Amino acid sequence: QAEQKGTGHAVLVTREMLAPDGGRVMVLYGDSPLLEAATLRRLADRQHSADHAAALITTTLEDPTGYGRILLDDRGEVSRIVEQRAATPAQLAIKLANPGIYCFRADLLWKHIGELEPDNPSRELYLTDMVEIFRRHGYSTGALHVDDSNQLLGINTRVELAAADRIFRERKVRELMLAGVTIEKPETVTIDAPVSIGCDTIVEPFTQILGATTIGEDCRIGAGAILRDSEIADGVDIGAFTLIAASRVETGAHVGPFARLRQDNRVEAGARIGNFVELKKTRLGAGAKAMHLAYLGDAEIGAGVNIGAGTITCNYDGVRKHTTKIGARAFVGSNSTLVAPVEVGEESYVGAGSVITDPVPAKALALGRGRQVIKEGWAGSRKKKS
């Protein structure tokens, strides 16, 4: 609208684009996201079944302030809609409200919408006046009453936005629980609409499951975990306060607590990731383990590998990232530093505390430590001097 001259004018400016299509025209508000598709289908059916010129949604509100009031005739059809500014005290007491959602017969709408007049306190064209215009021409307007007024909530403030968001999430957790998902303290859990979760999975309190995440059957998602855009297979255990983004965790794997899968990771079947382990662009092979305090970035880790506590893959040289490859069933001792690009062969051992800069052949032992020096009696003589 070059000028905004009311709801009737807003529809009128679409006539040139929509009138040739015939059929029906449904008019909705853009800030009512809780409205369900099934309700719109019912509204279209109400208009079509009785061949009303229009049908509109009504709802009963304890406080209808700001809404137009619906007047019904003795057949239950809409005889008039009175806007709040124009309502008498008796009409203001009516609780049957007009949420502003309509389904019109297109031919009648476009034929008569030009009869709207700005004869109201706002000097605007009100779409609600179409009810009386149709009535003058011998056409009826049907009403579809919606008991759940939450569907019709509009959003004008951040407070109303938060209220709508809460209702969306209540719908989602209810849908999942009815499908066989256990959600503990559902009022604390955040689950986005696209998420899918398999039967008999348990979701603990304060979790967030976001984006296009899919979770299989018989999983447990620990308290405070945050999962985003990830794929979790059947039988996976995600420990408390674990963060997983854009990653895949395969059947029977265990991740967490307090682990982080940052992006583009694949944790294969039966693998185990423990507390304070971070993965980034890493494949952890089937049955492999990294149980404590490790950073594994840009790594390809084979099946059955053991990664000791404190292990780091040094993947960044200050300019670009490099890959570390660890063969199947290798053993990497605690506090090892693997300086990429480097490859550790299958069934090899890396001694604890090693810095590995060169390839390690299969079934070899690699040690990269400074030699330990012992000076007996040194501590005692130092105490005497002090």
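This is a predicted model: local features need pLDDT of at least 70, side-chain atom pairs count only at pLDDT 80 or more; totals for chains, interfaces and linings use all residues.

Reader: OK, and how many bridges join β28 to strand β31?

Author: There are 3 bridges, and β28 and β31 (residues 324–326) run parallel.

Reader: What's the strand order in the open sheet?

Author: The sheet has 9 strands with parallel pairing, in the order β10-β13-β16-β19-β22-β25-β28-β31-β34. At the edges are β10 (196–197) and β34, each pairing on one side only.

Reader: Switching to packing. Which residues touch the most other members in the largest nonpolar core?

Author: That core has 48 residues, and the ones touching the most other members include Ile 191, Ile 197, Val 249 and Ile 273. At least two core residues each come from α7 (158–178), β28 (299–301) and β34 (342–344). Another core, of 25 residues, lies apart from it, with Val 11 and Phe 134 among its residues.

Reader: What does Ile 191 contact, skipping sequence neighbours within four places?

Author: Its contacts include Arg 169, Lys 172, Leu 176 and Ile 197.

Reader: Now His 254: buried or exposed?

Author: His 254 is buried, because its relative accessible area is 19% and the cut-off for buried is under 20%. His 254 sits in strand β20 (residues 254–255).

Reader: And what is His 254 in contact with, beyond four places in sequence?

Author: Asp 237, Ala 271, Arg 272 and Ile 273. As for Arg 220, 34 residues away along the chain, its C-alpha is separated from that of His 254 by 9.7 Å.

How values were computed. Residues are numbered from 1 along each chain as its sequence is written. Side-chain values use heavy atoms; hydrogens and water are left out. Helices (H or I, at least four residues) and strands (E, at least two) are DSSP runs, numbered from the N terminus. Buried means under 20% relative accessible area, exposed over 50%, partly exposed in between (1.4 Å probe, protein chains only). Contact means heavy atoms within 4.5 Å. A nonpolar core is a set of buried Ala, Val, Leu, Ile, Met, Phe, Trp, Tyr and Cys residues joined through side-chain atoms within 4.5 Å. Two strands pair if DSSP finds at least two bridges between them.
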